[in-house]
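Have the viewer open as you read.

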Amino acid sequence: MSGQSGLEGELSDSLAVEPKRKKAGFWKVFKQQKYLYMMSIPFVLLVIIFNYLPLWGWSMAFQNYKPGIPFWEQEWVGFQHFIQLFSDERFYLVLRNTLAMSLMSLAIGFVFPILFAVLLNEVRLSIFKRTVQTITYLPHFVSWVVVAGIVTKMLSIDGGIINELLIGLGIVDKPVQFMAKGEYFWSIVVVSDLWKEMGWNAIIFLAAIAGIDPQLYEAAKVDGAGRWRRIWHVTLPGIRPTILVLLILSIGHLTSIGFEKQFLLGNSLVVDYSEVLDLYALNYGIGLGRFSYGTAIGIFNSVVSIILLFLANGIFKRFGNQSVM
């Protein structure tokens with residue numbers, strides 16, 4: 001019994017010392033890498049200033065905020081603005097538009113860059129490969145103002161190349177007013193975004209493919225695997241972690257798709273299809289001076305994004321053994 005009690009005492013002493021060792025280990029690493037920690041301080045401060053300090057503004061959603069009045073004199077109204085938000089029929093129409101365009105972009109704008117990167121990796125002529133890659137990622141640097149102008153001109157009924165092509169092929173008898181029909185708007189936005197961002201989004205997949213061990217391809221070739229077999233059994237499994245991480249992040253941004261595309265390509269004829277959450281907050285919040293209502297929309301958007309991110313991360317971590325946190 002005395003031996004057992006002595007062993008238990010030693011165990012308790014070792015457990016008590018363990019946190020101290022971990023703490024000492026942290027300060028030892030900090031001392032060894034102090035310059036790296038010092039280099040990271042400006043970036044940490046930037047994150048705190050631009051990402052965390054603005055969260056103080058969320059208090060406006062629980063007030064009848066009036067500019068120029070001190071914070072402690074604002075009228076607090078609790079969840080009144082959230083009740084108004086969820087009681088507004090327009091909100092659900094806007095939410096439908098946001099989710100529809102987000103899901104279409106996720107299905108098309110996420111898959112096509114992967115396919116493009118895989119196919120471009122199979123090109124053996126380096127000059128052609130570099131040329132195609134450069135041409136495809138250059139639209140990323142073009143402003144959405146310019147892209148919207150190009151798309152509008154291409155779809156115009158007065159000399160637009162799309163209508164000219166459709167009439168020339170005999171598909172339609174007269175020009176189609178693409179920009180005036182709401183049922184076309186979602187597809188126009190998704191295809192425009194795909195053209196603008198596909199080459200740029202493919203860069204990270206090309207980098208992941210470049211990190212695959214060439215010996216895996218040689219071994220597959222020796223085993224008699226053709227090109228498509230090598231893509232299916234070597235390339236795609238090799239970039240699987242990258243695909244899953246980016247997919248998790250993309251799911252987390254389903255409701256945060258911005259408003260530039262919709263604002264520039266939309267018009268009064270298709271407003272029931274073009275208005276998204278960010279544009280709704282701009283029009284019915286800031287535009288009408290209802291800052292508290294606009295803040296409530298922003299909080300809803302952020303909370304839903306966080307929930308989607310954690311759900312996607314948890315699902316992929318459990319079933320795909322891949323996560324971002």
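## The second largest pocket

By class, how many nonpolar, polar and charged residues are in the lining of the second largest pocket? It has 11 nonpolar, 2 polar and no charged residues. For this count, Ala, Val, Leu, Ile, Met, Phe, Trp, Tyr, Cys and Pro are nonpolar, Asp, Glu, Lys and Arg are charged, and the others, Gly among them, are polar. Keep in mind that this is a predicted model, where local features need pLDDT of at least 70 and side-chain atom pairs count only at pLDDT 80 or more, while totals for chains, interfaces and linings use all residues. Residues are numbered from 1 along each chain as its sequence is written, and side-chain values use heavy atoms, with hydrogens and water left out.

The volume of the second largest pocket is about 300 Å³. Its lining is made up of 13 residues, and Val151, Met154, Leu155, Val191 and Ser192 are the closest to its centre. Two or more lining residues come from each of helix 7 (144–154) and helix 9, with helix 9 giving the most, 6 residues. A pocket here is an open set of points on a 1 Å grid over the protein atoms alone, where a 1.4 Å probe fits and there is protein on both sides within 12 Å along at least five of seven lines; lining residues have an atom within 4 Å of a point. Grid points are joined across faces, edges and corners, and the volume is the space filled by probe spheres set on the points. Helices are DSSP runs (H or I, at least four residues), numbered from the N terminus.

## The largest pocket

Now for the largest pocket, which holds about 700 Å³ of space. It is lined by 23 residues, and those nearest its centre are Ser105, Gly109, Asp193, Asn201 and Ser250. Helix 4 (89–109), helix 9, helix 12 (240–252) and helix 13 (260–265) are the elements that give two or more residues to this lining.

Helix 9 turns up here too, with the largest share of the lining at 8 residues. By class, the lining has 12 nonpolar, 8 polar and 3 charged residues.

## Along helix 9

Take a look at Asp193, which sits in helix 9 (residues 182–210). Asp193 is buried but has no salt bridge, and the nearest side chain of opposite charge, Lys261, is 4.3 Å away. Buried means under 20% relative accessible area, exposed over 50%, and partly exposed in between (1.4 Å probe, protein chains only). A salt bridge needs a side-chain nitrogen of Lys or Arg within 4 Å of a carboxyl oxygen of Asp or Glu. For charge, Lys and Arg count as positive and Asp and Glu as negative, with His and the chain ends not counted.

Leaving out residues up to four places away in sequence, Asp193 touches Trp144, Met198 and Lys261; contact means heavy atoms within 4.5 Å.

## Salt bridges

A search of the whole structure turns up 5 salt bridges. Glu122 pairs with Arg124, their closest N and O atoms being 3.7 Å apart. Glu122 counts as buried because its relative accessibility is 11%, whereas Arg124, at 56%, counts as exposed. Arg227 also forms a salt bridge with Glu122, with the closest N and O atoms 3.4 Å apart. That pair links distant parts of the chain: Arg227 is in helix 11 (residues 227–238) and Glu122 in the loop between helix 5 (111–121) and helix 6, 105 residues apart. With a relative accessible area of 41%, Arg227 is partly exposed.

Elsewhere, Lys196 forms a salt bridge with Glu197, the closest N and O atoms being 3.2 Å apart, and both Lys196 and Glu197 are buried. Arg90, Asp272 and Glu275 are linked in a network of salt bridges.

In helix 15 (residues 277–286), the buried residues include Leu277, Leu279, Tyr280, Ala281 and Gly285. The buried residues of this helix pack against helix 3 (80–87), helix 4, helix 13, helix 14 (271–274) and helix 16 (291–319).

Finally, Gln133 lies in helix 6 (residues 126–137). Gln133 counts as partly exposed because its relative accessibility is 21%. Setting aside neighbours within four places in sequence, Gln133 is in contact with Leu120, Ile203 and Leu206.
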